[in-house]
Amino acid sequence: MKKHLFSIMAIACLALTSVSMVGCDSTTEVPTPSNPSLESGKCVITANVSGSHTATYKSTDMMSPVLRQTFISMNSSFSGALSGNPALVEQFIIYLPLDIAVGSYNSEDFPGSNPAIFTYSYTNGSSALGWTSGGNETSINFKVTKSTAEEIEGTFEGTMGEEENGTDVAVNGTFKAKF
């Protein structure tokens, strides 16, 4: 149920992002985790995706907010409008416990109301797919390399599953957010 709910949320966010990103300026700088120009309230996520879907994902900062309330929520997006394909929208979402410290973890280490969840969604026209960590023997190993009141950053790798058609994708990447 948890996985299905996050898949629905990711697809809804993708639809909103695709509508709002049409017509965006293609000269917008794409920050990287090592790029200090990341603004407060923003995040950047990069990932290599392989398996039933293949992609090299790099979020743009124009639609990549980070929230820090009862948990940390990094919602990153990429729109094909920036590269000439307005029907393409990808989104990577990471939820982490608010009090997470520097260290190495597995997404399955955080059950219940304080989860660590990784999701990836891909929409191209009417084709929409989404994968998430947890269930179906999928999980993400991740390392938090910096965790302060102002920033969080780290790396991740593992497998995410798609509930409806039973496909998996392997992912590895980085994340950084400024609160």
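**Entry 1: a lysine without a partner**

I looked up lysine 178 and found it buried but without a salt bridge; the nearest side chain of opposite charge is glutamate 151, 4.6 Å away. Here buried means under 20% relative accessible area, exposed over 50% and partly exposed in between, with a 1.4 Å probe and protein chains only. A salt bridge needs a side-chain nitrogen of Lys or Arg within 4 Å of a carboxyl oxygen of Asp or Glu. For charge, Lys and Arg count as positive and Asp and Glu as negative, while His and the chain ends are not counted. Lysine 178 sits in strand β11. I noted that its side chain reaches the backbone oxygen of leucine 38 at 3.2 Å.

**Entry 2: what I am reading**

This is a predicted model, in which local features need pLDDT of at least 70 and side-chain atom pairs count only at pLDDT 80 or more, whereas totals for chains, interfaces and linings use all residues. Residues are numbered from 1 along each chain as its sequence is written, and side-chain values use heavy atoms, with hydrogens and water left out.

**Entry 3: the chain overall**

Along the sequence the pattern reads α-β-β-β-β-β-β-β-β-β-β-β. The chain has 179 residues, of which 47% are buried. Among contacts (heavy atoms within 4.5 Å) with a separation of 6 or more, 59% join residues 24 or more positions apart.

**Entry 4: salt bridges**

How many salt bridges does a search of the whole structure find? It finds three. Lysine 146 bonds to glutamate 151 in a salt bridge, with the closest N and O atoms 2.8 Å apart. Lysine 146 is partly exposed, because its relative accessibility is 30%. Glutamate 151 is buried at 13%. Glutamate 151 also forms a salt bridge with lysine 176, at 3.6 Å from N to O. That pair links strand β10, which holds glutamate 151, to strand β11, which holds lysine 176, 25 residues apart. Lysine 176 is buried, with a relative accessible area of 8%. Lysine 176 meets glutamate 153 in a salt bridge at 4.0 Å.

**Entry 5: the nonpolar core**

I then looked at the largest nonpolar core, which has 31 residues. Such a core is a set of buried Ala, Val, Leu, Ile, Met, Phe, Trp, Tyr and Cys residues joined through side-chain atoms within 4.5 Å. Met74, Phe92, Leu96, Phe142 and Phe156 have the most contacts inside this core. Leucine 96 touches, among others, Phe71, Met74, Phe118, Phe142 and Phe175, leaving aside residues up to four places away in sequence.

**Entry 6: aromatic rings**

I counted 12 aromatic pairs. Rings of Phe, Tyr and Trp (its six-membered ring) pair if their centres lie within 6.5 Å; planes under 30 degrees apart are stacked, over 60 edge-to-face and the rest tilted. Tyrosine 57 and phenylalanine 92 are a tilted pair, because their planes stand at 45°, with ring centres 5.8 Å apart. Tyrosine 57 is in strand β2 and phenylalanine 92 in strand β5, 35 residues apart. Both are buried. Phenylalanine 118 and phenylalanine 156 also form a tilted pair, 5.4 Å between centres and 45° between planes. I noted one aromatic cluster, whose members include Tyr57, Phe92, Phe118, Trp131 and Phe156.

Methods. Helix = DSSP H or I, 4+ residues; strand = E, 2+ residues; numbered from the N terminus. Polar contact = N/O pair within 3.5 Å; in protein donor to acceptor, adjacent residues only side chain to side chain.
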